[in-house]
Each structure stands twice: as C-alpha cells, then as structure tokens.
Number of protein chains: 2
Amino acid sequence: MMEINILNQDLKKKYNKYFQQYGSVLFINKNNIIYNSTIISSKSKKSKIFPVIKANAYGMGVIAITNILIELGYKSIFLANIAEGVEVRKKFKSLNIYILNCGQPLNAQILIKHNLIPVLNSVEDIKSWVCGNLNNESCVIHLDTGMNRLGLSYSNILDLKKTKYINKLKIKFLMTHLASAENAKKKFNEIQLNKLQKYTKIISKIKNHSIKSSICNSSGIWLGEKYLLNIVRPGASFLGINPLLNKQNPLKETVSMYAQITQIRKALKNTSVGYGQTVKLKKDSLLATISIGYSNGLSRLLSNKGSVYINNKKLDILGRVSMDLTVIDISKFNDRELKIGDIVEIFGPNKSLEKFAIENNTIPYEILCNIDKNIPKIIV
Amino acid sequence: MMEINILNQDLKKKYNKYFQQYGSVLFINKNNIIYNSTIISSKSKKSKIFPVIKANAYGMGVIAITNILIELGYKSIFLANIAEGVEVRKKFKSLNIYILNCGQPLNAQILIKHNLIPVLNSVEDIKSWVCGNLNNESCVIHLDTGMNRLGLSYSNILDLKKTKYINKLKIKFLMTHLASAENAKKKFNEIQLNKLQKYTKIISKIKNHSIKSSICNSSGIWLGEKYLLNIVRPGASFLGINPLLNKQNPLKETVSMYAQITQIRKALKNTSVGYGQTVKLKKDSLLATISIGYSNGLSRLLSNKGSVYINNKKLDILGRVSMDLTVIDISKFNDRELKIGDIVEIFGPNKSLEKFAIENNTIPYEILCNIDKNIPKIIV
C-alpha cells in the first residue's frame with residue numbers, strides 16, 4: 001500500500017533548495033489523496049461527503065488541501081472555528097463552509113458576513129443564532145448521543161418543543177459524533193446511531209417535515225451502510241490515516257517527512273552526545289547531525305529511542321532531540337558512504353506515519369497537527 | 001514572581017473576539033520581557049548580548065519579538081536557518097542576523113544576497129563559504145567542545161593550519177555550545193570552557209590576531225563571569241524560561257494561554273466522556289467543554305490526567321483531549337456559577353509554563369514551539 005517513496009535522486013535535486021533553507025520538508029502525495037477519495041466515495045454509497053479539514057487541514061495547509069478537494073468535486077467542508085472559516089472564505093467564494101464551534105457568545109453577524117454555516121451546539125447557540133440571523137439563513141444542529149462533549153442533550157431536545165426558537169430555525173441537517181467509530185466491535189456505536197435516529201424523529205415531528213442527519217466521521221464510514229445516513233464527514237481519511245483500529249489500513253498514507261544531514265563526525269568511545277550528556281558512546285562511532293528537531297515535528301519523546309532511515313537503513317537517535325537538530329548513529333555505514341546533504345527519512349516509505357505516531361505515544365492526527373507550519377509542504 | 005494574571009474583566013472583554021474566533025489565545029507580557037532583559041543584561045556584565053530567537057522565536061512570533069528586542073537596543077540576533085533569516089530580513093534591514101545552520105550544501109550567494117552572517121559548522125561549510133564569498137564577508141566559526149552535534153572538532157582545527165581556507169576567513173568570533181549549562185554542578189561545563197579557550201588560542205595564533213569567542217546560552221550566563229567571554233547568546237530566558245535546573249526561576253515567565261467555555265452540561269453517573277469512552281463518570285457531574293485541544297497546544301498526553309483553572313480553581317480534564325476541544329469537570333462549581341464564554345487558564349498565573357511542561361513530560365521550549373501558529377499571540 002505504501003507508494004510514497006517519492007524521493008528518488010531527481011526529486012532530491014529538484015527540492016534541495018527547500019532542504020537547504022528550511023532543514024526539513026514534508027511531501028504530500030496528491031495521487032494518494034485521489035486514491036483515498038475514491039475509496040471514501042465508494043464506501044459512502046449515495047451519502048453526500050462533506051470533508052472535515054479543520055486545524056489547517058490537520059497541519060497540511062488548508063488552502064492547498066481545499067484546492068485538491070474542489071478539483072475532486074467536493075462542494076462543502078467543515079472547519080473548526082470562525083478564524084478558519086474567514087481564511088478559507090477569502091480564497092473560495094462558492095464553497096459551502098460549516099463551522100463546528102462558532103465561539104461564545106455566538107456572533108450571527110460575522111457568520112453571515114462571511115457566508116459561514118454554523119453548527120449550533122447548545123440551547124444558547126440556538127438563541128443567539130435566532131436573534132441575530134435576520135435573513136433566516138440555514139444552520140446545522142449538533143446532538144449529543146454519548147460523547148458528552150458538544151451538542152444538545154435529550155432533555156434539551158424535548159425542551160425545544162416548548163420554545164419559539166425551533167420554529168425559526170432552517171435546519172440543513174442534524175449531526176452527532178461517534179466516540180468509538182474506529183472499533184466496529186463496540187456496541188456504543190449502535191447506541192449512538194439509535195439515539196440520533198430517535199432524536200431526528202422528534203425534531204422532524206416538531207418541524208413537521210423530515211430532516212436529514214449525519215453521524216459518520218472517517219471511521220464511521222467503515223461501520224456499515226446503516227451508519228451512512230444522508231451526509232458523511234470524513235477528514236483524516238483523505239490523508240490516508242487508518243480508519244480502523246488494529247486492522248490493515250484500507251487507504252494509502254499520503255504524507256512523508258524528510259530532513260538532511262548537516263554534519264558527519266567521527267566521535268570517540270566514552271564521549272557523550274547532546275544536551276544533558278544523556279548517552280555515552282560505547283565505541284568509536286560515526287555520527288550524523290540532521291536538520292530537524294522538536295520544533296519541526298520530531299518530538300523530544302524520541303530522545304535516545306527513536307530512529308530514522310537513510311538509504312532504507314534504520315538508524316538510532318542518540319541523545320536528546322534538540323530544537324532544530326538531532327544526532328543519529330550512522331556507524332552502520334562506512335566512512336564515505338554518506339555525505340552532508342544526504343536525505344533522511346523521518347517517516348515515509350520505511351516507517352508509516354501510523355508507526356511513527358505509536359513511537360510518539362500518540363495518534364497520527366496529533367503528529368500532523370504539530371508539524372511546524374513553517375516547514376514547506378510540497379504536493380507531489 | 002508571577003505577574004501575568006492579566007486577564008481581568010476589562011481585558012477579557014477587550015480580547016473576547018479572539019476567543020470567539022480562534023477558541024484559544026496566547027498572551028505575551030511585554031513588561032516581563034523587559035524585566036528579563038534587564039536581568040540578562042546585568043548578569044552579562046560587559047559581554048555583548050546576541051539574542052537567539054530561532055523557531056519563530058520559540059513559537060511566539062519572530063517579527064513581534066524582534067520588534068521588542070530592537071526597542072530594547074539589541075542589534076544582533078541568531079536564527080536557525082536561511083528561511084528564518086530571509087523572513088526577518090524582509091522587515092529589518094539593519095539588524096545583524098546570524099544563521100546557525102545554513103543548510104547543505106552551503107550556498108554563499110543566498111546568504112550574501114540577504115545579508116545574513118553564517119555560522120560555519122564544518123570543514124565543508126568553510127570550503128563552500130570561501131569559494132562562494134567573493135566579497136570577503138564575515139562569518140562565525142562553530143567549534144565542538146563536547147556536544148558532538150555541530151562544529152569543528154579538535155582535529156579539524158589542527159588541520160585548518162594546513163589549508164589555504166583559514167587565511168581567507170574573516171572571523172567575527174568563535175562559538176561553542178554548552179551541553180549542561182542549566183546544571184552548575186556539572187564539571188563538563190568547565191571542560192567545555194577550557195577547550196574553547198584552547199581552540200581560540202590555536203586559531204588566533206594561525207590568524208595572527210586575537211579572536212573573540214562565545215559559549216553562553218541562556219543558562220550559561222548563570223554559570224559565573226568567566227563563562228561570559230565576548231558574546232553571550234540567551235534565547236528562551238527573554239521569555240522567562242527558567243535557566244536553572246531545580247532552582248527558583250530568577251526570571252519572570254512571560255507567556256500565558258487561555259481558552260473559553262464552549263458548552264456546559266449536566267452529565268449522568270456512569271456515562272462516558274470523549275473518544276474511546278476512556279472515562280466513566282462516578283457521579284452525576286457538571287462538565288464544561290473548552291475550546292482547545294491537541295492541535296492548539298494541549299497535548300493528548302494530558303488526557304484524563306491534566307488540569308486547567310477557572311477562577312483560580314483547579315479542574316480536571318476528563319477523557320481524551322481531542323483535536324480542538326477538551327472536556328473538564330466543573331462539579332466544584334455550582335450550577336450557575338460558570339457560564340459559556342468564561343475564560344479557562346491552560347497555563348498562566350495558577351500554573352507556570354514550567355509546571356505545565358513537566359506535566360507534559362517535556363521542557364517549556366517544546367511546549368511553546370508546539371503551540372499552533374494560528375493561535376493569536378497578543379502582546380500586552
């Protein structure tokens with residue numbers, strides 16, 4: 001499945017100025033995004049697909065990713081907050097932009113000004129929206145079915161009937177969010193689906209017409225057809241992040257990260273490496289200093305235990321990862337096999353993002369979101 | 001020492017639009033930077049101070065921080081790479097900008113074009129610089145005295161005599177980097193100082209004139225006067241990051257971070273919270289969802305164990321931290337004490353950045369560098 005080994009010699013030459021100037025570089029494989037989009041489409045059957053590309057498209061650059069999605073035919077996206085909405089609206093005039101968290105107190109004017117569609121998460125949101133939304137623009141209502149995070153509770157929904165607000169809402173659809181969608185064995189998924197369907201019936205009855213609904217994030221799409229409903233909201237699956245827990249990834253990973261060798265040195269037995277002298281060399285060693293550190297996405301957690309790849313060989317990180325530099329042991333290579341400027345794989349063909357995230361004691365989402373915004377992200 | 005409790009009611013009102021639109025906000029206390037600068041100046045005696053503000057000024061915004069430093073009279077700064085140098089040069093024409101890692105192969109033309117002063121880390125760097133630097137611009141030479149990371153080794157230095165390159169270098173000063181400066185008890189500091197002094201003598205003799213030198217990072221300045229030499233290179237100490245290991249911070253922390261309450265809900269005993277249902281409520285609880293998550297600087301490591309503050313009360317994080325939302329237990333407050341839109345302290349007056357970093361199993365530097373570049377950073 002791994003087809004992101006894009007750094008052949010020609011590409012190294014082509015992109016070397018980025019390595020020179022920034023130290024580390026991220027590649028985004030557009031063909032794999034297209035592949036993932038095809039899989040997502042096929043799994044989603046007749047449901048509409050509204051990609052979620054919040055947090056700067058998981059750190060990958062929301063403008064670049066939106067461009068690709070529009071090219072693929074998508075017309076609606078979800079973003080996290082108004083700041084993201086305003087940024088994307090500047091570039092894309094006709095895209096439908098849904099805002100998951102409109103901020104407090106909800107400001108209907110700014111949403112309408114930038115033509116952003118709010119997801120209303122609470123009774124307070126609904127009140128603010130109805131009072132400020134004089135042109136009767138549409139909205140989405142978020143219902144809580146078990147996350148205990150955002151959305152109207154069951155009692156909030158029952159109370160809706162008593163208020164005048166519900167009549168003034170033009171609801172595009174209802175949505176909820178699955179807590180454990182990556183694990184198909186969890187009964188909780190079905191409990192959440194049943195609640196959403198029950199709540200949808202109640203609200204449809206109040207409004208006196210049938211209302212659409214949505215429950216699937218990326219993983220939800222793999223739970224089976226009955227979960228698809230009217231709209232699905234995949235996000236990280238476009239980037240090929242595995243939607244399934246402990247199962248083979250049906251998608252293609254899309255992102256790979258590289259740095260370059262800044263310096264090579266012979267270091268003597270018993271000398272130490274890096275801050276705090278946390279490692280002492282057991283033998284004379286060949287070391288390389290590479291141009292990436294914790295400010296660029298290589299966490300300090302990997303100090304003295306992470307690894308990187310050069311020419312498909314696994315090489316250990318020695319000492320503490322510093323802010324923009326890391327030392328690795330290249331004694332596996334002989335004296336003149338490697339040279340400064342050679343490319344180092346942080347994750348990519350030899351180590352999946354999924355595996356890299358496990359080494360970092362986290363999930364791929366957090367890895368991507370923490371990659372320095374300054375690092376060039378090159379779509380290849 | 002903690003004087004960053006800047007979020008009084010007036011300021012909350014003033015900055016509320018940032019919370020509405022971005023969810024979380026970072027405040028940088030300029031008076032504390034000025035205070036820290038005064039302490040650094042006083043400790044540095046007659047040495048020149050060249051601030052190091054790489055990695056986008058440790059995530060705080062290099063342009064804003066450079067403006068403050070210039071106002072304080074600083075004329076020279078260190079940055080990590082050429083990309084940073086080019087960005088800063090655009091705004092600041094007369095600043096002396098030193099580049100710590102010029103990339104491979106070293107490109108003298110681009111350095112000269114943007115009037116950037118290179119730190120040459122290796123024999124290869126020296127060769128490339130001499131060959132490309134036709135106008136005989138100045139440089140800095142980095143010597144390795146024990147980090148095994150960047151810089152010329154002792155044998156490289158001895159070899160310099162044999163080459164023609166050394167005669168063509170106009171050396172501003174020599175520098176090395178301390179491995180354990182935060183710990184004054186480590187003998188290794190003195191070993192490194194002695195090596196630098198020995199190497200400086202050798203190179204001064206080759207060049208036939210005395211050459212200046214520099215060894216101190218922030219912590220080094222607290223090691224005693226003999227370490228100060230000609231130039232010191234403090235960085236994070238301007239932001240008040242403690243330069244001393246396990247000792248009281250002589251500086252004032254400068255950065256504080258806040259989010260807002262997005263929603264408040266009563267949640268029933270035995271219901272779960274967040275992704276993966278990792279926590280089950282032991283009793284009926286009052287929960288708040290706050291507008292910050294791991295994409296904004298609140299790490300997933302804090303899932304089910306971190307805490308935040310509202311009105312100076314410590315409140316536990318419940319369940320997994322998600323990408324841009326986190327749920328906290330506010331049962332300590334009664335039903336109507338808190339409301340949506342209320343401000344939540346992530347770190348600040350009630351929890352130092354230093355303590356927050358320990359909870360995150362890292363150091364303050366990594367916390368700051370990982371704070372989303374999109375989050376508004378407001379200088380107050």
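Let me start with Asn217(A) and what surrounds it: if we set aside its neighbours within four places in sequence, Asn217(A) is in contact with His177(A), Leu178(A), Ala181(A), Arg233(A) and Pro234(A), and also, from the other chain, with Tyr275(B). Please keep in mind throughout that this is a predicted model. As for where this residue sits, Asn217(A) belongs to the loop between strand 8 (213–214) and strand 9 (231–232) of chain A. Is Asn217(A) buried or exposed? Its relative accessibility is 14%, and because buried means under 20%, Asn217(A) counts as buried.

Chain B can be laid on chain A by a turn of 180 degrees with a shift of 0.0 Å along the axis, and the RMSD is then 0.0 Å, which is the relation of a two-fold axis. In chain B, the C-alpha nearest that axis belongs to Asn370(B), at 3.0 Å from it. Through which surface do the copies meet? Of the interface residues of chain B, 99% are also interface residues in chain A, so the copies meet through the same surface.

Let me turn now to the aromatic residues, for which a search of the whole structure finds 26 aromatic pairs over all chains. One of them is formed by Phe50(A) and Phe78(A), whose ring centres are 6.4 Å apart and whose planes stand at 40 degrees, so that this pair is tilted. The two partners come from distant parts of the chain, 28 residues apart, with Phe50(A) in the loop between strand 2 (48–49) and helix 3 (54–58) of chain A, and Phe78(A) in strand 3 (residues 76–79) of chain A. Both Phe50(A) and Phe78(A) are buried.

A further tilted pair is that of Phe347(A) and Phe356(A), with 5.1 Å from centre to centre and 35 degrees between the planes. Here Phe347(A) has 0% relative accessibility and therefore counts as buried, and Phe356(A), also at 0% relative accessibility, counts as buried too.

Beyond these pairs, Tyr15(A), Tyr18(A), Phe27(A) and Tyr258(A) together form one aromatic cluster.

Finally, I would like to point out two places where a lysine lies over a tyrosine ring. Lys198(A) lies over the face of Tyr154(A), at 4.3 Å from the ring centre, while Lys252(A) lies over the face of Tyr35(A), at 4.1 Å from the ring centre.

Terms used
Residues numbered from 1 in each chain as written. Chains lettered and ligands numbered in written order. Predicted model: local features only at pLDDT ≥ 70, side-chain atom pairs only at ≥ 80, totals over all residues. Heavy atoms only, no water. Least-squares fit on C-alpha atoms with pLDDT ≥ 70 in both. Contact = heavy atoms within 4.5 Å. Phe/Tyr/Trp six-rings, centres within 6.5 Å; stacked < 30°, edge-to-face > 60°. Helix = DSSP H or I, 4+ residues; strand = E, 2+ residues; numbered from the N terminus. Buried < 20%, exposed > 50% of the residue type's maximum accessible area, 1.4 Å probe, protein only. Lys NZ or Arg CZ within 6 Å of the ring centre and 35° of its normal.
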